[in-house]
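Work through the exercises below with the structure open beside you, and try each task before you read its solution.

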Amino acid sequence: MKRTLASEIAELQQKYRGLTRVLETEACIELLGPLQFEASADGYEPITDEFEIKLIVPSSYPKELPWVRETGGRIKENYEHVFNNGKLCLAVPIEERLTFEQQPSLVGFVDKLLVPYLYGYCFWEKHGEHPFGEREHGEAGIVGFYVEKLGLSDDIQVLEVLLHLHQYGYRGHHDCPCGSGAKLRNCHGHALKKLYQLHTSETVRRDFCAVLKYCLQRDSEGELELPAALKRRTGNCLEKTAGNSR
Amino acid sequence: MMINKIGYSNFLNNVAEDIDIPPGKYQQAVDRYESVGRWLEDGSYLGSDGAPDIYPQGSFQLGTVVRPIRAGAEADFDIDLVCELPINKDSTSAYMVKKMIGDRLNDHKRYRDMRDDEGKRCWTIIYAEQDGIGFHLDVLPSVPDRRYFSDTSIAITDRQGGFYQWSASDPRGYGKWFNEKNQAAFEQVQLQQRRSIMSKAPTIYLSVDKVPDQLVRTPLQRAIQIMKRHRDVKFNGVQAAKYAPISMIVTTLAAYLYQNETDVYAALAAIVSKLHGHAGLVENRSIELKLSSLDLIRRMSDGTWYIGNPVNGEENFADRWHEDNHARARAFFLWIDALKKDLVDVIAENRLDTARNQFKKVLGASAVSAHLGLLSLTEVAASPVKVTIENPARPWKP
Ligand SMILES: [Zn+2]
């Protein structure tokens, strides 16, 4: 049985009692209030803290994930992982989705994404460093996620992988885009398939464009040598995308 | 429902106090070792230019003493006393130094009668006291051996089979290191504790500021005491007893990981959870960067283990951890796992009698019985939501 949004919100308020439902429009539902938690992670000190937050659940949820603002003025301005509009940057989009799917509900969103983020902030405030690491800004962070998650060795492999997803979706019988010569299903297939299932064609396109932009940038700066053939293939592919959307 | 944290922390503190050396007993121990010290100072030793330097080392000096358990019962306190003879190490031998101190103790009729069999590194004098709580006073013969950029390092004697050799040590340097780790918390608690000791034992000291530093206990020292007691109970009489983690390892790791938490439970929880995060090392798995960068427990490329003495990196406290298929390493992490379950995660227990029985089992009934009343349950809803973070995502910015 598919749970309704109302029951998810009730479950969230049952657990995080400080949150109250404030605004309701056709576009979104907002929850406001103090979020109290006592978080621990294996190998780290437990931290108990409280943040004033606003949680905005779009009507397109769960296709799109909620976003969060910190409203108490607690998060310092020099903390880097906040959008200019005040939205907290919990993770790169695909990592956010991947983490959310571990427990796909509003409670899961808060437990798996928001509280670890706030724990990380408290830890940073106390020790000046991130307990679980941080992603680089912009496209580099997206590339970094794929490198780590799929165990790839460089940016070019990431570009090949995203080009594959963008062009074909997931094709297990194709050669693995990492260049190993093995079939995808026998190489990076397992991990990649999992990610692909969390993507939509739109999110694949966004990540592909981000990674391409990053690689071209580095290529023009002479920090990376993008093979001419790969450049051509990505170029063709972009034109096709542009053509389709017209 | 869960266990009330403040009550639980007080409980741990009181249990630690219970297995600690009481102020009266401490004073008695000081009297005992000072007399032995005077007797040793008055001796004459071949090649020695001056009287020996006598000072306590180990848990007695660090303030982490716990009453040992022998054959399942609370036993005598162990006190280590260094006897540093001012003799050039190269002009004597480990055998000579050990023998000269042994002979001097033998010259004293009472000490001769109280002496135990020769130890590996020490001579032991056993005091059976009238109140039934005695002492094992271990006298460690040694000579100065200033190395490793330390002006306190010494060479102690070490008997292996019938042979005597030197072994490096630096108890004063270690004590100084430990005190630095403990200093901030010490400053915070000392005055209040001196007052409390005065009011509990008004006849022993003349005034609050006469209460010795060695009787003040920070949450770090209390946490170490609790850890050592849990270890002593867990390894008591079992087959693997010889693999029990040594106190130097427990003390060193705890002192490194302590971050001035202000209560015993918080200190214990932080130390144990960080140690627990190292468990992957047994299977050669990588551990959290935050932990591996501390470099506390190192896995060498040949599979051996390294936990350095903070004042002498050449001394490896874990030098035997790889033996018998890593038996000591395994025992250490199994113990940490039990410690976490028994004394940290127990906070979520919602039945008091279950928790109480468990505390009796893992810390010893005699040590906990008087303090079980401090435990109470509290409404979970009143406290913040508990979240265990696993596989966290990393923050980003577009
Ligand atoms: Zn591959």
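**Where two chains meet**

In this predicted model, the contact draws 51 residues from chain A and 27 residues from chain B.

**Exercise 1.** State how much area chain B and chain A bury between them, and what share of it lies on carbon and sulfur atoms.

*Solution.* Begin with the area, which is about 3300 Å² between chain B and chain A. Then take the share on carbon and sulfur atoms, which comes to 56% of that area.

**Exercise 2.** Find how many salt bridges cross the interface of chain B and chain A, and examine the one that involves B:Lys386.

*Solution.* First, the count across the interface is three salt bridges. Next, look at B:Lys386, whose side chain meets that of A:Glu38 at 3.0 Å from N to O; because a salt bridge requires a Lys or Arg side-chain nitrogen within 4 Å of a carboxyl oxygen of Asp or Glu, this pair qualifies.

**Exercise 3.** Determine which elements of chain B each supply at least two residues to the side that touches chain A, and which one gives the most.

*Solution.* The elements are helix H9 (264–276), helix H10 (289–292) and strand E15 (385–389) of chain B. Of the contributions to this side, that of E15(B) is the greatest, with five residues. Sorted by kind, the residues of this side are 12 nonpolar, nine charged and six polar.

**Exercise 4.** Describe how strand E2 (residues 28–41) of chain A pairs with E15(B).

*Solution.* The two strands run in the parallel sense and are paired over five bridges.

Methods:
Residues numbered from 1 in each chain as written. Chains lettered and ligands numbered in written order. Predicted model: local features only at pLDDT ≥ 70, side-chain atom pairs only at ≥ 80, totals over all residues. Heavy atoms only, no water. Contact = heavy atoms within 4.5 Å. Buried area = accessible area lost by both parts, 1.4 Å probe. Helix = DSSP H or I, 4+ residues; strand = E, 2+ residues; numbered from the N terminus. Nonpolar A, V, L, I, M, F, W, Y, C, P; charged D, E, K, R; others polar. Pairing = 2+ DSSP bridges.
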